[in-house]
Amino acid sequence: MTAPRVLVVLGTEGAWSRGVLRGFMAVANEQDWALVHYWPGSDLKWVSNEWAPAAVVFGPELDSKAIARFAPAALVSVTVDRSAARIASVCLDEEGIAAFAAEHLLSKGFQNVSTFRYDEAAFAVARERAFVEQARAAGAKVAAGWGNADYTPSLRQERPAAMVAWLRSLPKPCGIFTCTDGWGYTVARYAHEAGLRIPEDIAVVGADNDVLGCELLSPPLSSVMIPWKEVGRHAAMLVRLALAKQPIAGRRVVVSPVAVAARRSSDVLAINDVLVAQAVAWIREHADRRLTVPMVARAVGGGRQRLERRFRRALDRTVQEEIRRAHVERARHWLATTRSGMGDVAKRSGFSSASLLNVAFRRELGIPPGSYRRRVQQQQGDPDDD
């Protein structure tokens, strides 16, 4: 019996596409498939006629005309939701990505935020919209972002004078979500041109966590971690179903982001209230031990009730909530960087037991610590993340 041909149309120039390919291959290599790989710019009409694939996996570059050339093959779209067109799709939780970015900047105390996108790509519009909604719901002021109706981009072309003017017009300090890492590099470039400090004047958070690109930036770029290999694995599973004669047309799989990989582009506390800023800094510095609200109040020289009032006014959360967030952040660090048991992680993060760590972690992030560790360390194991 001839092995079924599976065509993959993805580039290899981006960290995201390489991650998808690696995840796909992790499953595909265990199957009896004849794999064929081409770049999106290839002559796809010839490719389809020559190889007659049984299934095709492709990314965002292909339009409906190009996709139609692959009929009657089973089709799987990655990163773009084409389920309405009866194409199986593995897409991203764009709202979840934006929520991570918003929560990260708000946790730093930013009351002024904005966004940057270069075009009308559906993912960028969805991320921008969700970020704005999250920020406004939390009481932050949202300044007009680059790429919306007030600052319309022009075919992805850089407009240096306009970008500098836009950045200078933003209220300071301001946190900017750039929707992708690549656009974060652009914002950083023109922030420097505008004489603005990162992160003191402008804090920047991207998405994709292209580690090499993020760390080449000065200062390194904070970014929402997207598990690209998960996207590839889900695509391979859909192909496997299709080749087993299972219906996949119109199926939709949504992959959630992991966390924010925090780097120096957002490493700042933008809190105007000096007492609250001191309290937050003290809490985060001592998050490796059990903390109480009276301990914090004594450390910064303010009464408990006074500190609580000012916390709510400055950050719209209680001191105890900040303590829990700091403990969970410390746990996230140890989970991502060590293989220590949960009891040890709990102890090093200010929790008296692994069960309390589990409760707090689920409350803050919505997933158990073990699942978080697997997803983060899996992404960190990607060669692009070395």
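1. Two strands are taken as paired here if DSSP finds at least two bridges between them. The model is a predicted one, and every value below should be read with that in mind. By this criterion strand β1, residues 5–9, pairs with β3 through four bridges, and the two strands run parallel. Within this pairing, Val9 stands opposite Phe58 of β3.

2. On its other pairing, β3 is joined to strand β4 (residues 74–78) by four bridges, again in the parallel sense, and Ala55 has Ala74 as its bridge partner in β4. Strand β4 is in turn joined to β5 by three bridges, and these two strands also run parallel; here the bridge partner of Val76 is Ala88 in β5.

3. Which strands make up the open sheet with parallel pairing, and in what order? There are six of them, in the order β2-β1-β3-β4-β5-β11. Strands β2 (34–38) and β11 are at the edges, each of them pairing on one side only. Direction ignored, neighbouring strands of this sheet are turned against each other by 15° on average.

4. Are the faces of strand β3 covered or open? Both faces of this strand, which spans residues 55–58, are covered: Ala55 and Val57 are buried on one side, and Val56 and Phe58 are buried on the other.

5. How many disulfides does a search of the whole structure find? It finds zero. Cys91 takes part in none, and the nearest cysteine sulfur, that of Cys179, is 17 Å away, whereas a disulfide is called for sulfur atoms within 2.5 Å. Cys91 is buried, at a relative accessible area of 3%. Cys214 is likewise in no disulfide, with the sulfur of Cys179 as its nearest cysteine sulfur at 14 Å, and Cys214 is buried with a relative accessible area of 0%.

6. The largest pocket holds about 1400 Å³ of space. Its lining consists of 49 residues, and those nearest the centre are Glu103, His104, Ser107, Glu329 and Arg332. By residue class, the lining divides into 22 nonpolar, nine polar and 18 charged residues. Several elements supply at least two lining residues each, among them α4 (94–107), α5 (122–137), α13 (319–337) and the strand β12 (260–261). The largest share, twelve residues, comes from α13.

7. The second largest pocket contains about 880 Å³ of space. It is lined by 32 residues, of which Pro60, Thr79, Phe123, Arg127 and Thr180 lie nearest its centre. Two or more lining residues come from each of several elements, including α1 (15–28), β5 (88–92), α7 (181–193) and β11 (252–255). The lining residues divide into 14 nonpolar, five polar and 13 charged.

8. A last point concerns the segment before β1, where Thr2 has its place. Is Thr2 buried or exposed? Its relative accessibility is 71%, and Thr2 therefore counts as exposed, the cut-off for that term being over 50%. Thr2 and Asp32 are 30 residues apart in sequence, and their C-alpha atoms are 9.4 Å apart in space.

Notes: Residues are numbered from 1 along each chain as its sequence is written. This is a predicted model: local features need pLDDT of at least 70, side-chain atom pairs count only at pLDDT 80 or more; totals for chains, interfaces and linings use all residues. Side-chain values use heavy atoms; hydrogens and water are left out. On a 1 Å grid over the protein atoms alone, a cavity is a set of points where a 1.4 Å probe fits but cannot get out, and a pocket is an open set with protein on both sides within 12 Å along at least five of seven lines; lining residues have an atom within 4 Å of a point. Grid points are joined across faces, edges and corners, and a volume is the space filled by probe spheres set on the points. Ala, Val, Leu, Ile, Met, Phe, Trp, Tyr, Cys and Pro count as nonpolar, Asp, Glu, Lys and Arg as charged, and the others, Gly among them, as polar. Buried means under 20% relative accessible area, exposed over 50%, partly exposed in between (1.4 Å probe, protein chains only). Axes are lines fitted to C-alpha atoms, for helices over the stretch in contact, and angles run from 0 to 180 degrees between N-to-C directions.
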